[in-house]
Amino acid sequence: MHMHKFEKIWLTFGIGCLVVFLTVVGVSAFYLGNKPASCLTTINPEKVDTTKPFDKPGLHKVEGKEWDYELVFVASAFSYNPAKVEVPLGAKVKVIATTKDVVHGFEMAGTNINMMLEPGYVSEYTTTFDKAGEFLVVCNEYCGTGHHLMFSKIEVVK
Amino acid sequence: MVNTAAKVKVDPRDAKLSMAHFFVAFGALALGGLMGLLQTLVRSGKFELPWGIGYYQILTAHGVLMGLVLTTFFIMGFQYAAVSRTAGTHSPAARRTGWIGFWLMTAGTLMSGTMILLNEASVLYTFYAPLKAHWIFYLGLTFVVVGSWVDGAAQIMTYAKWRKNNPGKPSPLLSFMAVINTVMWIVATLGVAATVLFQLLPWSLGLVDTVDVLISRTLFWYFGHPLVYFWLLPAYMCWYAIIPKIIGGKIFSDSLARLSFILFLLFSIPVGFHHQLTEPGIDPAWKFIQVILTFMVIIPSLMTAFSLFATFERYGRSKGATGLFGWFKVLPWNDARFTVPFIGMASFIPAGAGGIINASNQMDQVVHNTIWVTGHFHLTAATSVVLTFFGISYWLVPHLTGRKLTKAMNKLGIIQAWVWFIGMAFMSGAMHFQGLLGGPRRSAFSTYGDSKQALEWIPYQIAQAVGGTILFLGIILVLVIFINLAFFAPKGEEEFPVGEAENLQEKAPMVFENWKLWLGITAALILFAYTIPFIDIIQNAPPGSKGFKTW
Amino acid sequence: MAKAELKTKHQTEIEDSSSLKGTLASVFILGLFIIVSWVSVYYLFVDRF
């Protein structure tokens, strides 16, 4: 099987690019901690309301942890609890969310907080809220007739 | 020697079965296209659906008709004809098998379609549990999948017969490629068959109360990514093995074409996690391993890009073109059989670039489930693949029906492709940008409580409606051409173009036909990528979910 | 023997006469497009929280 010299050059360059891309995201994910939401904690989807921390949705200050706040969300067709919440600018926040019924999305538009909520699983993402303003949280996974009416608002305040 | 190529015709009995597939495929295109138009209009915020029809109902219909019916029927019809043309007429047994497959798929389509129309299955074409559709919807899907296996078996039978009659020879390129795609499809659909048969059907029938959501999703995406390669490979068949003949050039390298198809077989399947990157319950290390495997499947596409440019440049230079890009101008731009798939190829450049972004692990958080993704697969599937399918049908339909592609239809075909391109530039372009701003996919019009961010998305949604309207015009044009070529075009002989390799001395290595080897590696890669994560998912499973009907 | 030699010579000629410069340029333009798109979205990822 014969390969033209130029094709070898092209494939070397192309594969080189792919290796660079993979290295960049790999190092960012596994050394700098920028992994996509992949929490392994499970929960009984029918007992969400009585299971900690989902018995108290909303923002909570925490002590002695790597993050300053925990922001707890409970999703169900077709709403989030809380429907509106304020977060202080610059706070390091762990967003913790789950669903009581079908699969939902949890996407804070214009940020990297974008994760699936699946019944039986807890989804978590930790980040520093370093931009002020009102952010829309949308459900970005189809969940039924009211899917497009399902949202929450997070205001990052100075 | 006189016109031997032109006289090699697909046997009329095989032609009939291929055409049966195309009637269903183009019927699905007509209906699905209308649904698509309605969606873009609704989401512009300027239009509401009449008679209480639900947005998500037509969204389900659009996805099932376009993503599953149009594609599967067209591909099976095209590959069946390509095998008949290059490996010889199908035997009566193979043809009967093909017909059984066709009718199973058609019956399944009708079953699932009826349930969608009755609003019993507004679960979108991904039918994620615990949304629970009517059991007939799942049974219909089973029929479609099983039917496609039977249908594909016909191609494999004829390929095997050719191999038996020609020991030690590499099989005809188009037949080889068709069989690779069919085999990949069979291995991939095992996943969706497993979740439908063992999880969703018993659950929707009430035999079991709950379903394990993550297992179902993982099985679905084990199938879901090779599904998109199943759409793409027939387009690659046309680009590699048919376009060179149409332009009057040669296949750049027969062996490299085969190698790229084998790489697609190996690496299309063990990569489903890149659709589940933001999901809980899957270890991030395993996600990243599948991201690496996903990047492997980019390599055959890089090879394809080089081969295609090389075919064009060689042809152009043989026509006396000079300079770095002079060859580009001498390509047969007035031939719809070339220009239409070419626009498809060109669209694959932004489509592929977008795909690399989607698969880049945490970068998926920027675009996951935003309308960027919808924009992405409307470039890959709905432009690269479909325009190539249209381009194929412009010679294949008249070839099968014993008619001619007239000058007028040829011209209309080229106009159709440009209309499609412009419509898609508006629609897919706007989807990409809106997605980067966070606009979600699969959502009806909403201002989300007059959110400032959501209000910024509306102009993009209007652009999508403009694009969607232009695209619908494109669908009307392609249907006009299809009906003309199937029923009204003048009688005559239209060639089924099959390319020849540039270097006939270079025989493809026989190792490419060693199915035990390639299926063995395919299985090994799948087991490597999925065994441990699957055990984890099963061992750490939460309580199952009961079904919901939230529509 | 003579025939075989002729063939090899002919093949080298094909390769030289059409050196595929345009193809190489085209694929590198494609590569550049991929890199620019990827880096742009990576920038968005890094810029956002």
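Guide: One term to begin with: two residues are in contact if their C-beta atoms, placed from the backbone, lie within 7 Å. In chain B, residues 24 or more positions apart account for 85% of the contacts with a separation of 6 or more.

Visitor: Before going on, what am I looking at, and how are things labelled?
Guide: This is a predicted model, in which local features need pLDDT of at least 70 and side-chain atom pairs count only at pLDDT 80 or more, while totals for chains, interfaces and linings use all residues. Residues are numbered from 1 along each chain as its sequence is written, and chains are lettered from A and ligands numbered from 1 in the order in which they are written.

Visitor: Okay, chain B. How many helices and strands are there?
Guide: Chain B has 17 helices and 0 strands. Helices (H or I, at least four residues) and strands (E, at least two) are DSSP runs, numbered from the N terminus.

Visitor: Why call chain B as compact as a globular protein of that length?
Guide: Because its radius of gyration is 23 Å, close to the 24 Å that the globule rule gives for 551 residues. The radius is taken over C-alpha atoms, and the rule is 2.2 Å times the number of residues to the power 0.38. Along the principal axes, the C-alpha atoms of chain B fill a box of roughly 70 × 50 × 45 Å.

Visitor: What percentage of chain B is buried?
Guide: Buried residues are 61% of the 551 in chain B. A residue is buried if 20 or more other C-beta atoms lie within 10 Å of its own, exposed if 12 or fewer, and partly exposed in between, with C-beta atoms placed from the backbone.

Visitor: And the largest nonpolar core, which residues touch the most other members?
Guide: Met177(B) and Met237(B) do, out of 235 residues in that core. Helix α7 (residues 213–247) of chain B gives the largest share of this core, 25 residues. A nonpolar core here is a set of buried Ala, Val, Leu, Ile, Met, Phe, Trp, Tyr and Cys residues joined through C-beta atoms within 7 Å.

Visitor: What does Met177(B) contact?
Guide: Apart from neighbours within four places in sequence, Met177(B) is in contact with Leu233(B), Met237(B), Ala241(B) and Phe261(B).

Visitor: Switching to chain A. What are its domains?
Guide: The assignment gives domain 1 (1–35) and domain 2 (45–157), with bounds that come from an automatic or database domain assignment. The C-alpha centres of the two domains lie 35 Å apart.

Visitor: How many residues does the contact take from chain A and chain B?
Guide: The contact takes 58 residues from chain A and 61 from chain B. On the chain A side, α1(A) provides the largest share, 12 residues.

Visitor: Last one: is Ser76(A) buried or exposed?
Guide: Ser76(A) is buried, with 20 other C-beta atoms within 10 Å. Ser76(A) sits in strand β2 (residues 69–76) of chain A. Not counting residues up to four places away in sequence, Ser76(A) touches Thr99(A), Lys100(A) and Asp101(A).
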